[in-house]
Amino acid sequence: MTNRVLTGLLGLTIACVSFPGDVVGQSPVHSTIQRVQQRMVKVFGAGGIRRLHSYSTGFVVSPAGHVATVWSHVLDTEELTVVLADGRKVTAKVLNAEPQLDLAVLELQAEDLDLPSWNLEAESSDAGPGTRVLGFSNMFRVATGDEMVSVLHGVVAAKAPLATRRGAFETSYEGTAFIVDAVTNNPGAGGGVLTTRGGRLLGMIGKELRNAESNTWVNYAVPIAELKQPIQQIIAGQYKARQRDPEETEAKARFRPLEFGIVLVPDVLFRTPAFIDRVQPGSVAAGVGLRPDDLVLFVNGDLVQSCRVFKQRLGRIKSGGVLKLTVRRGDKLVPVELPVPEKPATPGDNK
Amino acid sequence: MRLLERQCHGLVWLCMAATMTLAVLPQTGWAVDPAVLAAEAKRIGVASRLAPSVVAIFSRGGQGGGSGVLISPDGYALTNFHVTRGAGTFMKCGLNNGQLYDAVIVGIDPTGDVALVKLLGRDDFPHAVLGDSDTLRVGDWTFAMGNPFLLATDFQPTVTYGIVSGVHRYQYPAGTILEYTDCIQVDTSINPGNSGGPLFSAAGQLVGINGRGSFEKRGRVNSGAGYAISINQIKLFMDHLRSGRVVDHATLGATVTTREDGAVVVDGILDDSEAFRRGLREGDEIVSFGKRPVRSVNQFKNILGIYPKGWKLPLVFRRDQSRTETLLRLRGLHRASELAGPSKPKPKPGRPGQPKRPARSKTPVAKPPEKYKHLHIKKSGFANYYFNQQEQNRTLAGMSRLGDFAGASGAWVLAGKTAAGETYQLTVAETGVGLSWKQKAYFQELKSAEPLDEPKGSGGLLYAMHMWRTFLAQRDKGFGEFYYLGSEPLDGVGDRVDVVISELGNVRCRWYFDRKEARLLGFDSQRQEDVDECEVRFSGDNQSSGRHWPRTILVRSAGKVLASFGVESVTIRAETAK
């Protein structure tokens, strides 16, 4: 009770707290759902072959007709159609995208829309484990024609970084995400929203995410706090997409392959195998006999599936120790040990 | 000062805690709000009140099964067609009292995926109360109950709880004739074995029958999208199912598409359909159908999909500035062979599949229980003809009250005035039917001639009178086919009436009976397929030599009244060869 009074005192939104009144049949949840559904759209684009869905979801972020959605193959077409909550069909073009956040912003090709939209400026809710939430999306394309998107209910199970299991999950988003207990991330659900039961915007439902090792699926949403600024900047035309800049990531990392004299093949695929392209003459790598075309398989006993993972592993090794690599050369597995130079810790790398 | 500082600290700490756990329940000593406990107690109460009506269905061989729900004290229970298919005519049904009951198939709706079965051995079965699924709103809580994964070896149903995710959903056929129209989408967990089980509203009313889910790549387990057939659709089919028939859904005889401007327009129409005869053409805009506005193709399909074949529905369509309102009888969606044929699902990827029971091994179907053998009668077009006989007996029970018409041999001569004041005389004899009216004479010869449209535009009134006589005097013995159809609103808009079908040659009649008193209200006689019917409606009572005749006979066809014949005198005359 004290807490509730305090919540009021602090000026926090009452709607964020799941009140017991919410539990019983008659509740404001119906009007919440209606209000959110008015701000949702269905996106139809490329796909439709080989079980690739050709539809996804989006949410309206400006009355003039900007739609935030998930960045996916669906948008990879000239003929992008958006079906508004009222059933109107409008063509759209991709204004800009931020692949690292799995975010794209669409611009609807119509005048004087004046749509019900999310005011991102006013959306600053956060949630933790136990928060009761609603998920809105056009999963499985159940809602065809002018039908409203589907609504699911659930609870936030965790707010945690998605990237903790790199390699197991095929995701480009590596920040913090809301993990929910409801099956929100279904085909076509990406670009939908996760809200509190009071209808405050918490995040954008991400793509389908499967653990390649256990064949289990994770249901998550990218917090709106992460997306807010990029969306606003894209709309204002001021956004410069973040490049997945290896230099930038490596700058933060403690060690880079080049420090050992290793040059990897260009990282062009999602999982480019960690082949050594060149070995710098006179380097540590050359000293232990590493050669071009060696495939790095293990770093300190951990399996490495790609150039990216190799770089990440190097970034975390301790200074002053020994780096154990196992490479495949032809049919043989070759173990090598490289001395790691001493290096002072840099801020922000001690995760 | 120190104290204040400590208070400040506390406040800051509390602020932080509140900010970090924004939406977590107030943490006052882990005490649970009484309202939460009350809601929980209510939920538990509803679930335990409902559990006795939930049925675990097994094939008699004991392999595989599904779920169902009792809807009447005498044991009628709803389930999915895909649960009963292959389970044979007799099944075993478990209730939460731990008892196993024999059950027999009653009627099936392969298109709508519904089956009606009857549990045997009691007349006081616990049963669910049917709700109104149209009042469901997105966000409403629902209970799904049943036997997912066939876990309940003691027949105690599994309860799952979730919200309505969408209403009036249209789900395309999944490689079969089966389609889910106007259905309810829930995030309530629906898994294999839940099929045929009840979806209850939070208040505990039966609002749907769970039957499908969107599964796709996550294996055949719940993925947040389950579908239930709305109970309102099933209500429309209920008496049809009780008839023991294999029932069919309907088509308009026209297809529609969405125009650029969003209007739903006719893009194809059969020229032998009633819709065509009433003036519907390609390009016409559908305004409303079944009194519901049509704004999308799916809405049109949703409306059409919930009605049985043969119902009359009001249709409003627009061409340029002119608007037409008409009442149409819906055609059957399938041929009898399509309904009877195998409809094993071949789920297409990306489409919802059925949460079917686990595969059964091929063991021979167990023999029916000796005690209940008589409760199943095999007949083509019927799931169980026994129940049709029961319904015929019930519906025709009032006929004997009208008097002995079989004994009225000779010509029946009805005379009087029409509502417009014209005198007429109608003679219905065994060899022919004659009418003199408005200085004209009409005649239908019966021995050799085909049924005629006499008088012209009446839909064949004279032949219809012959059918009436046959029905009164001989009942089922006078026809080739004769069965109870189910119930429908009289003339599409009136009260629900029981319908009996008779067929003689190409002539098909629909006989309408009041449901309270089993009184014959009238009939429609159709000379052959795809022509306008002659609609005959009786009212009033006119006693003559121990027989009850109607006081007025209203005759209509193609939406127009021919005349209302007042019956002033009835005489039975010895028949003389003409």
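Strands β11 and β12 (residues 226-230) of chain B pair in the antiparallel sense over 5 bridges; two strands count as paired if DSSP finds at least two bridges between them. Strands (E, at least two residues) and helices (H or I, at least four residues) are DSSP runs, numbered from the N terminus. This is a predicted model, in which local features need pLDDT of at least 70, side-chain atom pairs count only at pLDDT 80 or more, and totals for chains, interfaces and linings use all residues. Residues are numbered from 1 along each chain as its sequence is written, while chains are lettered from A and ligands numbered from 1 in the order in which they are written.

- Strand β11 (residues 206-213) of chain B is mostly covered, as 8 of its 8 residues are buried. A residue is buried if 20 or more other C-beta atoms lie within 10 Å of its own, exposed if 12 or fewer do, and partly exposed in between, with C-beta atoms placed from the backbone.
- Strand β10 (residues 198-201) of chain B runs antiparallel to β11(B), and 3 bridges join them.
- β10(B) and β11(B) form a hairpin with 4 residues between them, and B:Gly204 in the turn has a positive phi of about 95 degrees.

**Two open sheets**

- Strands of a sheet pair through backbone hydrogen bonds, either parallel or antiparallel.
- In chain A, 4 strands form an open sheet with antiparallel pairing, in the order β18-β17-β19-β20. Strands β18 (302-303) and β20 (332-339) of chain A stand at the edges with a single partner strand each, so one side of each is left without a neighbour in the sheet.
- Inside this chain A sheet, strand β17 (residues 295-299) runs antiparallel to strand β19 (residues 322-329), joined by 4 bridges. A:Val299 stands opposite A:Leu325 in β19(A).
- In chain B, an open sheet of 5 strands has the order β24-β23-β22-β21-β34, again with antiparallel pairing. Its edges are β24 and β34 (569-573) of chain B, each with a single partner strand, so one side of each has no neighbour in the sheet. The twist averages 10 degrees from one strand to the next, where axes are lines fitted to C-alpha atoms, for helices over the stretch in contact, and angles run from 0 to 180 degrees between N-to-C directions.
- Strand β23 (residues 432-437) of chain B pairs with β24(B) in the antiparallel sense over 6 bridges. Here B:Gly432 stands opposite B:Glu445 in β24(B).

**Backbone features in loops of chain B**

- The peptide bond from B:Glu454 to B:Pro455 is cis, with omega near -15 degrees. B:Pro455 is found in the loop between β24 (440-445) and α9 (461-474) of chain B.
- B:Leu150 is not a glycine, yet it has a positive phi of about 50 degrees. This residue, B:Leu150, lies in the loop between β7 (141-146) and β8 (158-171) of chain B, and it is partly exposed, with 17 other C-beta atoms within 10 Å.
- B:Asp491, although not a glycine, has a positive phi of about 55 degrees. The loop that holds B:Asp491 is the one between β25 (481-489) and β26 (496-504) of chain B. B:Asp491 counts as partly exposed because it has 17 C-beta neighbours inside 10 Å.

**Nonpolar cores**

- A nonpolar core is a set of buried Ala, Val, Leu, Ile, Met, Phe, Trp, Tyr and Cys residues joined through C-beta atoms within 7 Å.
- Of the 134 residues in the largest nonpolar core, A:Val67, A:Val82, A:Ala221 and B:Ile184 touch the most other members. Apart from it lies another core, of 42 residues, among them B:Met465, B:Leu485, B:Leu562 and B:Phe565.

**Chain A as a whole**

- Chain A has 6 helices and 20 strands, and 42% of its 351 residues count as buried.
- Among contacts in chain A between residues at least 6 apart in sequence, 60% join residues at least 24 apart; two residues are in contact if their C-beta atoms, placed from the backbone, lie within 7 Å.
- Chain A averages a pLDDT of 82, and 82% of the residues score at least 70; pLDDT is the predictor's confidence in each residue, from 0 to 100.
- Over residues 246-251 of chain A the pLDDT stays under 50, and the model has 3 contacts beyond four places in sequence for them. Residues 346-351 of chain A also have a pLDDT below 50, with 5 contacts in the model beyond near neighbours in sequence.
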